[in-house]
Amino acid sequence: MTFLHGKSTVVVTQSMALLPVRLKLIVILLLVCQLLCSTIAFGSVLDKDEEEFSEELLLKPLPDRKVLAHFHFESRAPPSISFGRHHHLFPKAISQLVKKFRVKEMELSFTQGRWRYEQWGGFDPISSNNAKPPGVELWAVFDVPQSQVDASWKNLTHALSGLFCASINFLESSTTYSAPEWAFRPDSGNLRYGTLPREAVCTENLTPWLKLLPCRDKAGLSALMDRPSIYRGFYHSQRLHLTATGSSSQEVDSGTVLEQTLTVVLQPISWRTGKSYVDKANSQPSWSISSIFGRKVNGKCVLAKSSNVYLQFEKGLVGELKNLHKENADSETNKLASKDFLSYPSFELSVNPDKVFEEVDNLHSKSTSVLYEFSVEKYNDSHPLDLGLTWKIPVVWSCQQAPLHASRFLMGSGNERGAIAIYLKPTELSEGLKKSNIVDKSCELRVNVFQVVPWYIKVYYHTLQVFVNQQSRAVADVMEKIHVSPSKDKISPGVMEMILKLPCGLESAALNLEFDKGFLHIDEYPPDANQGFDIPAAIISYPDFHASMRFSEDGSLDKSPMFSKFQEKSLVLSYTEILLVPLTTPDFSMPYNVITITCTVFALYFGSLLNVLRKRVDEEERFLKSNAGRKTGRLSTLVSKLSAKLRGKPREPQPSTTASSSSVSFKLIFKVLLVAGIAICWQYYFG
């Protein structure tokens with residue numbers, strides 16, 4: 001092929017036109033492959049952060065002879081340019097959920113039992129973030145226009161209902177969810193909140209939750225989740241919290257952080273005998289991982305980036321141990337986090353911890369909590385981890401509580417009206433605030449109250465009464481801000497959000513709201529209507545108080561997802577009791593009784609009528625037969641034969657009673673139809 005100077009482009013174009021079609025296809029495929037390679041290279045640069053998974057377990061003894069076990073699993077998916085990519089560790093169902101419904105943040109919890117704030121504490125990250133009300137609680141923030149939020153919420157509830165084998169789809173109705181403005185979360189936005197207080201929690205909900213983990217419950221810390229051990233506890237709450245991070249562009253998929261926690265409060269059975277103390281009233285049971293869960297830790301999940309077990313002694317326990325150590329022995333050092341922790345006279349650990357941390361930046365208590373870390377990486381099937389704690393002397397302590405203890409109850413009697421009361425009483429923390437601000441009389445304690453009431457509980461918000469120290473106060477004197485959304489029949493529930501300004505030295509405070517009980521249609525009653533109807537728990541939070549835990553050392557705990565979450569300042573909040581309101585219920589056996597009585601009346605009526613009519617027909621037939629028999633005797637028969645011979649015609653047969661009987665049967669049918677028609681018309685117009 002000869003190329004001329006200045007005309008090479010034309011010659012190449014003509015030569016390309018002469019190439020076979022197959023060769024053209026090969027060239028096009030090479031160009032497409034080169035383009036795909038460049039796109040993948042660009043995507044790999046964007047996806048330089050790989051997916052990560054970590055598992056952690058926190059064990060903590062509680063003052064009432066119980067043990068808190070808090071499992072924490074976190075999966076991270078970085079932003080990606082590839083739509084519908086394959087996930088190595090992150091659950092694909094959750095990724096599709098976020099992309100489909102544009103979920104910005106979501107939290108779902110299944111809880112059985114009630115968190116005891118007075119015994120188990122209310123001023124720490126676990127109680128603020130993981131203590132949930134009984135049943136199902138769901139809230140979500142959507143990254144969609146305001147007009148599409150309700151549709152996204154309904155679709156999300158159906159998807160979660162099928163994913164976790166629960167009745168979450170009942171939250172699709174506008175009567176079961178609300179849109180809080182500011183009391184539930186500071187930056188609500190497109191937020192929807194709903195609860196199902198009566199939802200039962202069982203293994204059918206835990207199994208789908210475990211399937212979201214890379215190793216499920218076959219390896220790692222999740223293998224400790226023995227179903228009988230978990231569900232015989234006093235409290236357990238499985239929680240799923242996801243957050244969409246990264247770019248919000250449609251071309252780049254946003255990253256997602258999935259946080260799965262399981263909080264269980266168990267009653268341990270002492271695994272050792274021959275204790276060195278006799279005071280059983282104040283004695284703490286000795287326990288181990290195998291005695292609590294019935295299993296040992298046989299190693300970590302091979303897909304986990306980190307796997308650790310932590311044992312925490314909270315502030316009150318540490319302070320009590322130090323006081324006992326001062327009383328029982330003269331020691332130069334009382335620091336619990338020293339290197340001689342195994343020789344400490346109050347307790348003994350069965351396994352040497354890898355690291356010991358001490359809390360810092362503690363503003364509300366003089367003592368500090370201590371944390372022991374045990375790495376699971378060095379344990380395997382032949383050498384499992386079985387952490388045990390043995391108490392040598394009786395110890396009594398108390399957990400740090402929220403500024404106020406909140407409780408809620410019903411007042412009134414009967415099925416017509418009543419009142420809801422929220423009672424607040426001070427705790428040790430508020431007593432400390434009272435002593436520290438005894439001179440400053442302008443000290444105020446701000447309290448947020450968020451309450452959702454079903455539509456059939458018709459609350460009169462103008463009847464709000466506030467009592468401080470058992471004295472009635474004007475609402476304007478103690479109310480900083482309030483937002484009320486009255487309920488609409490069969491459309492939306494009632495929502496009340498308020499901020500109270502209470503004095504720091506208060507002895508008690510109470511809120512009262514009157515209500516009337518509504519009436520439901522018979523189709524709206526649940527199967528167990530006589531049990532009563534639930535009012536979801538109210539949320540009490542304190543905007544000026546935040547719970548966090550920060551531990552010293554070389555910053556190694558910053559790599560822990562669980563303690564990184566604990567270091568964030570979380571709003572101190574607590575849930576009140578769920579109220580059970582009896583409503584007026586109809587007699588559900590009434591339709592059955594009406595049907596049976598109506599059928600009985602009709603049977604008696606028509607049975608009697610047919611019986612009477614049938615008896616009259618039989619009597620008439622017998623009367624006609626008797627008359628015919630009398631007329632047709634022997635003499636009449638001979639006379640008829642003789643007359644027939646004289647006339648030379650055969651004898652005509654005697655007329656039978658068939659015609660008469662047929663006319664009688666026709667009359668009978670006509671009477672029955674007439675009576676039935678009258679009965680039907682009467683029932684239609686007057687029944």
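## A guided tour of the predicted model

Begin by selecting Met106 and Phe313, the residues with the most contacts inside the largest nonpolar core, which has 81 residues. A nonpolar core is here a set of buried Ala, Val, Leu, Ile, Met, Phe, Trp, Tyr and Cys residues joined through side-chain atoms within 4.5 Å. Buried means under 20% relative accessible area, exposed over 50%, and partly exposed in between (1.4 Å probe, protein chains only). Apart from this core lies another, of 44 residues; Leu445, Val478, Leu513 and Leu583 are among them. In soluble globular proteins, nonpolar side chains tend to be buried together.

The model is predicted: local features need pLDDT of at least 70 and side-chain atom pairs count only at pLDDT 80 or more, whereas totals for chains, interfaces and linings use all residues. Residues are numbered from 1 along each chain as its sequence is written, and side-chain values use heavy atoms, with hydrogens and water left out.

**The whole protein**

Display the entire chain next. Of its 687 residues, 45% count as buried. The secondary structure comes to 16 helices and 27 strands; helices (H or I, at least four residues) and strands (E, at least two) are DSSP runs, numbered from the N terminus. A contact means heavy atoms within 4.5 Å. Among contacts between residues at least 6 apart in sequence, 76% join residues at least 24 apart. The protein exposes about 36600 Å², of which carbon and sulfur atoms supply 56%; accessible areas come from the Shrake-Rupley method with a 1.4 Å probe, and for residues only the protein chains shown count as cover.

**Helix H7 and its cover**

Select residues 203-211, helix H7, in which Asn205, Leu206, Pro208, Trp209 and Leu210 are the buried residues. The elements that cover them include strands S2 (67-77), S3 (103-112), S7 (235-245) and S8 (255-266), together with helices H6 (149-164) and H8 (227-231).

**Two positive phi angles**

Move to the loop between H7 and H8, where Arg216 is placed. The phi of Arg216 is near 50 degrees, a positive value in a residue other than glycine. Arg216 is partly exposed, with a relative accessible area of 42%. Then select Cys165, in the loop between H6 and strand S5 (177-178). Its phi, also positive in a residue other than glycine, is near 55 degrees. Cys165 is partly exposed, at a relative accessible area of 42%. Most residues other than glycine have a negative phi, and most peptide bonds are trans.

**A three-stranded sheet**

Select S9, S14 and S11, which form an open sheet in the order S9-S14-S11 with antiparallel pairing. Two strands pair if DSSP finds at least two bridges between them. Strands S9 (287-288) and S11 (347-349) are the edges, each pairing on one side only. S9 and S14 (residues 388-391) pair in the antiparallel sense over two bridges. Within this sheet, Trp287 stands opposite Leu389 in S14.

**Surface stops**

Select Phe409, Met411 and Tyr423, which form a nonpolar surface patch with about 250 Å² of accessible area together. Nonpolar patches join side chains (Val, Leu, Ile, Met, Phe, Trp, Tyr) within 5 Å, from residues with over 30% relative accessible area and no salt bridge (a side-chain nitrogen of Lys or Arg within 4 Å of a carboxyl oxygen of Asp or Glu). Tyr423 lies in strand S16 (residues 417-426) and is partly exposed, at 32% relative accessible area.

Finish at Ile669 in helix H16 (residues 658-686). Ile669 counts as exposed, at 52% relative accessibility.

How values were computed: Patches are made of residues with over 30% relative accessible area and no salt bridge: like charges are joined within 9 Å, nonpolar side chains (Val, Leu, Ile, Met, Phe, Trp, Tyr) within 5 Å.
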